[in-house]
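Q: I've got a model open and I'd like to learn how to read it feature by feature. Can you walk me through it?

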Amino acid sequence: MKHKRLLSALLAAVMVLCAFCSCNVEEIFGDLPYAVEEAFKPDLLVHFLDVGQGDSIFVELPNGKTMLIDTGENYHGEAIIDYISQCGYKRIDYLVGTHPHSDHIGSMSYLVRNFKIGSIYMPKVSSNTEMYKNLLKSIKKQDLTVKNPRAGLKIIRGEDFSARVIGPLEIDKDNLNNCSLVIRLDYRDTSFLFTGDAEKEELESINADMNADVLKVGHHGSTSSTNKAFLERVRPQIAVISCGENNDYGHPHQATLRLLKNEGCDVYRTDRDGTVTVYTDGYRIGVDTNGKSIGRAKN
Ligand SMILES: [Zn+2]
C-alpha cells in the first residue's frame, strides 16, 4: 500500500515535470495503454479557385492525381496553371468542362494547349461560339478526345475514392445550364457534390444519392438552382458559392443564402473569401479561406 502511494506520487511528479518541460510521456513510460489520436493528415484537397464570376475547382486526389472541374473565363488560364504548378503538379489527369458557357470553359482551350492533360469530359451538347470551336480545334491538335459520360458513369475509380457523373439524364439543348455535368466525389465517409450551373429541372431529375458533406452551390448561388427540396436531399454541412464581387447577376441571391442558413450550412463565397480550400482525410473535414485570389475580374 505504502509502495503504491509512493509510486502514484512519483508518477504525478513526473507528469507535472512533463507538463513544464513538455517532454513526451510516451518516451518515459513506453507505449501508452490507449490509442493516441493521430494528427489530421488530409490527402484529398478541393480548391474552389477564386476566378471571379465563374467556376474552376482544382482537386488533389489521394493517389496523387488531379482533376480540374471548369476553367473560368478565357483570361484565367495562366493563373490556373500557376496555381496547379505551385501545388506541385505537372498535369491535370481529369479535365471536366461542365457545360459550354464561357465562365466555365473559357480557359479550357488555353489549358489544353499549354498543360499536360489526361482525359477530357464534357456533356454531349455543342455550342456555336468561337470559343467552343477553338476548344475543339485545340483538343484535336493535341491528339486528345472528348468523352461524353452518361449519368451513372464512374470517371475516377480509386481504392477508397471515386468520382461519378450523376447528371444530366437528358440533354436540354435550349438551356445549356441544364446540360451541366453533375459530379459526386466520394472519399471514405465524406462526399462532395459539384453541380456546375444545373438548375432545378436537372437537379430534380437526378435519381442518384445526392447526400453530401460539401456542396458546390449551383449556378453561382442563383435561385434557379437551389430550393428547399434540393437542400433536403443533399443536407450539406459546407456550401461553397463561386461568384464574382459585385457581379451583374446579383449572385448569390439572398433567398439562396437564407435557405443555406436555415439548413445550418457553413457558407463560403469566393467573392468574399477568395480561393476556398476544403480538405479531408475521408473522415474529418477542414476549410481554409486564406487561398490567394487568382484573378477575380479582368480589370
Ligand atoms: Zn456559370
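Q: Let's begin with the overview: how many helices and strands does the secondary structure of the protein come to?

A: Keep in mind that this is a predicted model. Its secondary structure comes to ten helices and 15 strands. Of the 299 residues, 49% count as buried. The protein exposes about 15,200 Å², and carbon and sulfur atoms supply 48% of that.

Q: What share of the contacts between residues at least 6 apart in sequence join residues at least 24 apart?

A: That share is 62%.

Q: Now the metal. Which protein donors does the zinc ion have?

A: Start with the atoms around the ion. Here they are Asp103 (OD), His104 (NE2), Asp197 (OD) and His220 (NE2), lying 2.1 Å from the zinc ion. Along the chain, these donors follow the spacing D-H-x92-D-x22-H. Asp103 sits in helix α4 (residues 102–105), while His220 is in the loop between β11 (214–216) and α8 (228–234); the two are 117 residues apart, so this pair links distant parts of the chain. Both Asp103 and His220 are buried.

Q: Why is the arrangement around the zinc ion called irregular?

A: Look at the angles. The four donor atoms subtend 86 to 153° around the zinc ion.

Q: What about the nonpolar cores: which residues have the most contacts inside the largest one?

A: The general idea is that in soluble globular proteins, nonpolar side chains tend to be buried together. In this model the largest core has 28 residues, and Val46, Phe48, Leu185 and Phe194 have the most contacts inside it. Apart from that core lies another, of 23 residues, including Ile84, Leu95, Leu111 and Ile117. Leaving out residues up to four places away in sequence, Val46 touches several residues, among them Ile57, Phe58, Leu185, Phe194 and Val276.

Q: Is Ser138 buried or exposed?

A: Ser138 is buried, because its relative accessible area is 6% and the cut-off for buried is under 20%. The residue lies in helix α6 (residues 130–141). Beyond its neighbours up to four places away in sequence, Ser138 touches Ser109, Val112 and Arg113.

Q: Last one, on strands: in which sense do β7 and β8 pair, parallel or antiparallel?

A: Strand β7 (residues 154–157) and strand β8 (residues 161–167) pair in the antiparallel sense, over three bridges. A hairpin joins β7 to β8 through three residues. To find your place in the pairing, look at Lys154, which stands opposite Arg164 in β8.

Terms used: Residues are numbered from 1 along each chain as its sequence is written. This is a predicted model: local features need pLDDT of at least 70, side-chain atom pairs count only at pLDDT 80 or more; totals for chains, interfaces and linings use all residues. Side-chain values use heavy atoms; hydrogens and water are left out. Two strands pair if DSSP finds at least two bridges between them. Helices (H or I, at least four residues) and strands (E, at least two) are DSSP runs, numbered from the N terminus. Donors are N, O and S atoms within 2.8 Å of the metal (3.2 Å for Na, K and Ca); water is not among the atoms, so sites may look incomplete. Four donors count as tetrahedral if all angles lie between 85 and 135 degrees; four count as square planar and six as octahedral if opposite donors are over 155 degrees apart and all others between 65 and 115; anything else is irregular. Buried means under 20% relative accessible area, exposed over 50%, partly exposed in between (1.4 Å probe, protein chains only). A nonpolar core is a set of buried Ala, Val, Leu, Ile, Met, Phe, Trp, Tyr and Cys residues joined through side-chain atoms within 4.5 Å. Contact means heavy atoms within 4.5 Å. Accessible areas come from the Shrake-Rupley method with a 1.4 Å probe; for residues, only the protein chains shown count as cover.
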